[in-house]
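Look at the sequence and the structure first, then take each task in turn.

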Amino acid sequence: MKTLLVALNAKYYHTNLAIRNIKLYCKPIDIQLLEMTINDDLDLILHNILNKRPDVIGFSCYIWNIDKVLKLCEYIKKVNKDILIVLGGPEISFDSDDLLKIGVADFIVLGEGEATFKNLLQKIHNGENVYDLNGISYMKDGKVILRENTDYVCLDDIPFPYGGEDISNKLVYYETSRGCPFRCSYCLSSLDNKLRYASIEKVRDDLEKLTNMGAKIVKLIDRSFDSNIKRAVEILDIIRGMRSDTVFHCEVNPELVNQEFIDSLKGIEDRIQFEVGIQTTNKETLKNVSRNPDVSGALNGIKLIINAGVKVHVDLIAGLPGDDFDSIVKSFNDVYKLNPDEIQLGFLKLLKGTRIRKNKDIYGIKYKSDPPYEVLMTNTISYMELYELKNIAFLVDKYYNSGKFKMSLRFLLDFFKDPFELYSRLNCFWEENGFYGKKHSLNDLFDIIYRFAFSEGVDTDYFKDYLRFDYLYSTNNKAYPDCLKEDKKVPDEVKSLLRNDEWLKRNLPAAVGMSNSEKNKNLSIGFFKHDVLNIEGGNVYIAFFHCDDKTYCAKINV
């Protein structure tokens with residue numbers, strides 16, 4: 001009996017942890033894996049599946065791939081109705097009735113899949129009765145039978161998932177725990193309140209293997225990495241003891257952050273990234289979705305992490321019950337003023353199985369019927385207001401989150417009453433000029449924000465220097481945007497310093513020993529009329545040396 005597990009990932013460099021865990025947990029049963037992406041041609045995926053001639057196919061189902069998965073199931077059944085199809089994953093665990101009735105799947109695995117799928121395969125292989133198995137849903141005599149899972153898998157029993165793979169260019173997912181102690185009504189994780197942990201010994205062994213295999217980024221999918229501070233500190237100590245450049249990405253709950261946690265980050269600031277879901281700073285809305293309304297504690301936790309020098313991505317959600325346009329604006333400003341590395345203004349998803357989906361009518365929530373079931377309006381915010389916020393989110397991503405406009409955005413903030421007004425006015429400028437719906441290069445974005453500043457009466461002569469600094473710092477592209485093109489040539493005495501090893505040793509040591517061609521490739525020079533750094537003085541040249549993921553700057557005296 002040939003068994004094939006299929007994952008359609010969102011992007012080619014992603015990995016699917018679920019199918020790897022199941023494959024290894026099911027040993028000695030032989031299982032093949034097939035990973036492709038939602039961007040691949042459907043016929044190509046179908047051919048690759050059928051070409052392996054499986055008897056059983058298991059699909060890992062999520063909101064981003066469910067439409068394609070169901071199409072593939074339909075086509076597979078039309079080509080060969082005898083192939084058994086098993087669906088699992090968060091997108092179908094709470095919708096088994098409808099999916100089974102349309103006849104695209106034979107079984108649906110509910111909740112954790114490792115033990116259930118193994119038991120199912122063993123019974124199928126041995127010709128035994130599968131209908132008394134817990135953790136599955138199926139059709140029998142025209143009725144949907146649902147047998148809930150009552151047991152949990154011991155995480156220590158799941159083997160290391162990435163053995164023998166080249167993961168050097170992949171985003172690697174790993175879990176040290178399952179379950180979530182919180183009750184957020186919009187989140188599926190809130191339905192599983194039993195926290196289970198892998199032993200620290202297993203975590204240490206697995207993380208060492210990942211770093212030795214050359215993993216660049218490991219994303220820990222624990223629902224709240226800091227729910228147990230003592231354990232989180234132990235894992236951070238493990239990371240500190242590893243001799244590698246692997247970066248670990250974790251989700252943390254900001255109000256749980258304390259000084260012990262912050263102290264444990266010392267020395268590994270560049271190897272840790274945190275995603276923080278504050279969602280809103282409206283206390284009443286937080287209560288509506290069963291979250292802790294300790295807004296000041298959450299904001300302080302984010303501030304502590306930022307001050308510790310760790311990269312921070314902060315999530316906000318628009319469309320939560322009780323939030324109106326003004327309260328979302330306040331939440332945005334509250335977070336923006338903390339100056340995190342990234343801000344994601346997302347939009348409420350009415351996920352199947354969540355309490356907020358069941359209680360949607362209480363809050364007048366209307367949402368899209370297709371995945372990812374995004375909110376259209378509520379009784380406190382209109383569709384048009386949410387659409388405006390989508391544009392704001394787009395601009396924040398293009399300008400703020402890119403990290404390429406840091407100096408320019410800080411300069412512009414002085415001309416607006418708050419951060420949101422800056423992006424609101426920028427949104428109006430984009431709409432008035434028809435910029436939305438078109439592709440824009442980095443140079444285009446620089447030209448657009450320059451034109452915006454001019455339209456707002458900003459001193460563009462001064463602003464141009466901030467744009468120039470951001471451009472030269474963030475890219476080594478010598479084809480400058482129109483707003484930064486000038487006739488002023490770099491004097492020979494400035495260029496000569498870049499060939500002077502003594503000067504380089506004092507100012508740009510990373511460039512010492514490079515050939516002139518390498519220097520020309522990696523060095524850029526800009527002339528600045530104004531003191532953009534508040535330390536250099538005006539009318540100076542600044543050299544920018546691009547080295548891997550870091551840029552070095554040096555003032556040039558002439």
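**Exercise 1. Find the polar partner of Glu-275, then describe the surroundings of Glu-275.**

Step 1. The side chains of Glu-275 and His-249 are joined by a polar contact of 3.2 Å. A polar contact is a pair of N or O atoms within 3.5 Å; within protein, one must be able to donate a hydrogen and the other to accept it, and residues adjacent in sequence count only if both atoms are side-chain atoms.

Before going on, note that this is a predicted model, in which local features need pLDDT of at least 70 and side-chain atom pairs count only at pLDDT 80 or more, while totals for chains, interfaces and linings use all residues. Residues are numbered from 1 along each chain as its sequence is written, and side-chain values use heavy atoms, with hydrogens and water left out.

Step 2. Helices (H or I, at least four residues) and strands (E, at least two) are DSSP runs, numbered from the N terminus.

Step 3. Look for a charged partner. Glu-275 is buried yet has no salt bridge, and the nearest side chain of opposite charge, Lys-219, is 4.2 Å away. A salt bridge is a side-chain nitrogen of Lys or Arg within 4 Å of a carboxyl oxygen of Asp or Glu. For charge, Lys and Arg count as positive and Asp and Glu as negative; His and the chain ends are not counted. Buried means under 20% relative accessible area, exposed over 50%, and partly exposed in between (1.4 Å probe, protein chains only).

Step 4. List the neighbours, leaving aside those within four places in sequence: among the residues in contact with Glu-275 are Cys-250, Val-252 and His-313. Contact means heavy atoms within 4.5 Å.

**Exercise 2. Which residue forms a salt bridge with Glu-234? Compare a few such pairs.**

Step 1. Start with the total: a search of the whole structure finds 29 salt bridges.

Step 2. Glu-234 pairs with Lys-230, their closest N and O atoms being 3.8 Å apart. Both residues belong to helix H7 (residues 229–240), where they sit four residues apart, about one turn of the helix. Glu-234 counts as partly exposed because its relative accessibility is 32%, and Lys-230 counts as exposed at 60%.

Step 3. Now turn to helix H6 (residues 200–212), which holds both Lys-202 and Asp-206, again four residues apart. Their side chains meet in a salt bridge of 2.8 Å, N to O, and both residues are buried.

Step 4. Finish with Asp-461 and Lys-529, whose side chains form a salt bridge of 3.4 Å, N to O. Asp-461 lies in helix H17 (residues 460–474) and Lys-529 in the loop between strand S18 (523–528) and strand S19 (540–547), so this pair ties together parts that are 68 residues apart in sequence. With 36% relative accessibility, Asp-461 is partly exposed; Lys-529, at 41%, is partly exposed too.

**Exercise 3. How many of the 15 residues of H17 are buried? Work out what surrounds the helix.**

Step 1. Eleven of the 15 are buried, so H17 is largely enclosed by the rest of the structure. Among them are Phe-463, Tyr-466, Arg-468 and Leu-472.

Step 2. The cover over these buried residues includes helix H14 (406–413), helix H16 (442–455), S18, S19 and strand S20 (550–556).

Step 3. At the start of H17, a side-chain oxygen of Asp-459 comes to within 3.2 Å of the backbone nitrogen of Asp-461.
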